[in-house]
Amino acid sequence: MLENYLPILVFIIFGLLFGMVFLAVGFLLAPSKPDAEKLSPYECGFEAFEDSRMKFDVRYYLVAILFIIFDLEIAFLFPWAIVLDDIGMFGILAMALFIGLLLIGFLYEWKKGALEWE
């Protein structure tokens, strides 16, 4: 039984070895010319002017939820459409429930004004 996992173990070992070799070559051959500009903190082209623990506007989270809604919908609709003949009415009802839950999330986003840009 364990001999079936030998190719996976060999693949992991070779992957780790190649990764370490390439990192070592990069560190050994890369030029190192540090200066004050390269070592300075970089944040959007200017120095940070506020605390990093400030409160964010809820729109950032709403946009993230909106992305998840649309991304999941598309990611699950394609495989579902391919096997639609095989899954029958149960698959159609399960996908209708899934789309309904996504619709509830979309309506929440709409109600909170995440679709309105200023």
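From the N terminus on, the elements of the protein chain run α-α-α-α. There are four helices and zero strands; these are DSSP runs (helices H or I, at least four residues; strands E, at least two), numbered from the N terminus. The model is predicted, so local features need pLDDT of at least 70 and side-chain atom pairs pLDDT 80 or more, while totals for chains, interfaces and linings use all residues. Residues are numbered from 1 along each chain as its sequence is written, and side-chain values use heavy atoms, without hydrogens and water.

Of the 118 residues, 8% count as buried (under 20% relative accessible area, 1.4 Å probe, protein chains only). The buried residues of α4 are Gly91, Met95, Leu102, Gly105 and Glu109.

Helix α3 spans residues 58–82 and helix α4 residues 84–112. Their axes, lines fitted to C-alpha atoms over the stretch in contact, come within 10 Å and cross at roughly 165°. The two helices are therefore roughly antiparallel (over 145 degrees). Their contact has 21 nonpolar, two polar and three charged residues.

Helix α4 bends by about 70° at phenylalanine 90, the angle between axes fitted to the seven residues ending there and the seven starting there. The end C-alpha atoms of α4, a helix of 29 residues, are only 35 Å apart. A straight helix would reach 42 Å at 1.5 Å a residue.

Methods
Axes fitted to C-alpha atoms, helices over the stretch in contact; angles between N-to-C directions. Parallel < 35°, antiparallel > 145°, perpendicular 65-115°, else oblique. Nonpolar A, V, L, I, M, F, W, Y, C, P; charged D, E, K, R; others polar. Expected span 1.5 Å × (residues − 1). Buried < 20%, exposed > 50% of the residue type's maximum accessible area, 1.4 Å probe, protein only.
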